[in-house]
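This report goes through one structure part by part. Keep the sequence and the 3D view open while reading.

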Amino acid sequence: MRLPYYPGCTLKTTAENFEISAIASAREVGIELMELPRWNCCGTVHALARDDVMHYLAPIRNLIRVEEMVGEGLVDEGRVVTLCAMCYNTLKRADAVVREDEEKMQKVRDFMERETPYGGGVEVTHLLEILKDLGWSKVADRVVRPLEGLRVAPYYGCLLLRPRGFGIDDVDNPQILERLIEALGADVVNIPFKTRCCGAYHIVQMKEVVAELSHRVLDQAVDAGADMVALACPLCEYNMGSRQEEVKRLFQGFEPVPVVYFTQLMALAFGLEGATGFEQNRPDPRPLLKERGIPLEVS
Amino acid sequence: MRLKPENASFKAKVAELSGESLDLCFQCGGCSSGCPMTEEMDLLPSKVIRFAQLGLGEVLDSKTIWVCSTCFTCEVRCPRGIDIANVMEALRELKLRSKYDRVSLDSLDPEELRELPQIAIISNLRKLTA
């Protein structure tokens, strides 16, 4: 099944490991992620002010690309797949606004008069939703190296779940990452702060506050005996993974814990040696995997 | 409740920009108890809503509106169906539209800017600069 795929900017830079592992793992379960031609930035945050129509242009232009792909027969369906939680949220919310508000839809069309008018025929999805629809047993069928003995704490953060009506799962007790982790043969470690904010974009100007927020989540994971944290947002990954040195600096005695994208665990369990992207993660999860008896060919 | 004209007009502006019915709030404090950022705030989120209900423009000088990380925890917890994040955004916008910048791009270290994911920079500047 060929599905349109919107990467977003960060999947091409600090979260390349997310993209590489997602494309390879999706292919294993029969999903060909077809990158949108000429995609542009989604805007990262949904414009919440009622009169701020201008910021819908960027996300909607991407949805026009999706409709073009469908029209040209490049994909089998108009469900666009996202990986980054922020992209998922902005595309999904902008789509909902213009579909519900004829006046705003017209404004968006008028602004982009050289584009094909957006027809409102796109469904914005996250890869996790596609996997759930496919069925966890199909995912489990592809596992060649079960992640037995690996204790993984799922972390959702904000925009995969909220606001209400725009998430991939229940806002209070989501289970979608849990089901995936189980399908891969690993053990789920539950942490109360799995839906708690990591500090998000405040990392730019309030670094210590974000380190504190990230520490609360990571510390719970360590306390609960997790080997690693699995998530789906490149900003959460940056704050909680790449910036863990800062957490260590601020909190004496904090034990580092690897933070990985859920797709990296898929690639690992599917035996896709070259597509795990673990070499980009900080802290490096590979020594721990080796310790847990899940050896990786380190190239 | 009768407000002075300046307060009524501020309240109307916040309601229009946010799309929220501010009078629905009965000050249960649920938003404040769930907010992950309260330690950094000068006014609790529920108080910000109270200020908006009363049309008190000094709420624009509160640190809270800039500390909010738009995580929508308050939105899913509000028993009255108010999207508090929308109100926070309306208040930020009112300030930003008077050409106010909370963060200055020039103050950021170029080395750090290279290391930060683009989504961090773009979302930060979208939320905190005019």
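## Domains of chain B

Chain B is split by the domain assignment into domain 1, covering residues 5-98, and domain 2, covering residues 103-130. The centres of domain 1 and domain 2 of chain B, taken over C-alpha atoms, are 25 Å apart. The model described here is predicted.

## Where the chains meet

Chain B puts 31 residues in contact with 33 residues of chain A. On the chain B side, the elements that contribute two or more residues are α1 (5-18), α5 (73-77), α6 (84-96) and α8 (118-128) of chain B. Helix α8(B) contributes the most, with nine residues.

What kinds of residue make up the side of chain B that touches chain A? There are 15 nonpolar residues, eight polar ones and eight charged ones.

## Chain A as a whole

Chain A contains twelve helices and eight strands. Its C-alpha atoms fill a box of roughly 60 × 40 × 35 Å along the principal axes.

The radius of gyration of chain A is 19 Å. A compact globule of 299 residues would have a value near 19 Å, so chain A agrees with that expectation. Of the 299 residues in chain A, 54% count as buried. Among contacts in chain A with a separation of 6 or more, 78% are between residues 24 or more positions apart.

## A sheet in chain A

Strands of a sheet pair through backbone hydrogen bonds, and the pairing is either parallel or antiparallel. In chain A, four strands form an open sheet with parallel pairing, in the order β2-β1-β3-β4. Strands β2 (32-35) and β4 (123-126) of chain A stand at the edges; each has a single partner strand, so one side of each has no neighbour in the sheet. From one strand to the next, the twist averages 45°.

Which strand is joined to β3 (residues 79-82) of chain A by four bridges? The partner is β4(A), and the two strands run parallel. Within this pair, A:V81 has A:T125 in β4(A) as its bridge partner.

## Helices across the sheet

Two helices of chain A can be followed from here. Helix α3 (residues 85-100) of chain A lies across β1 (2-6), β3 and β4 of chain A, and runs at about 160° to β4(A). Helix α5 (residues 127-134) of chain A lies across β3 and β4 of chain A. The angle between α5(A) and β4(A) is about 85°.

Notes: Residues are numbered from 1 along each chain as its sequence is written. Chains are lettered from A and ligands numbered from 1 in the order in which they are written. This is a predicted model: local features need pLDDT of at least 70, side-chain atom pairs count only at pLDDT 80 or more; totals for chains, interfaces and linings use all residues. Two strands pair if DSSP finds at least two bridges between them. Axes are lines fitted to C-alpha atoms, for helices over the stretch in contact, and angles run from 0 to 180 degrees between N-to-C directions. Two residues are in contact if their C-beta atoms, placed from the backbone, lie within 7 Å. Domain bounds come from an automatic or database domain assignment. Ala, Val, Leu, Ile, Met, Phe, Trp, Tyr, Cys and Pro count as nonpolar, Asp, Glu, Lys and Arg as charged, and the others, Gly among them, as polar. The radius of gyration is taken over C-alpha atoms; the globule rule is 2.2 Å times the number of residues to the power 0.38. A residue is buried if 20 or more other C-beta atoms lie within 10 Å of its own, exposed if 12 or fewer, and partly exposed in between; C-beta atoms are placed from the backbone.
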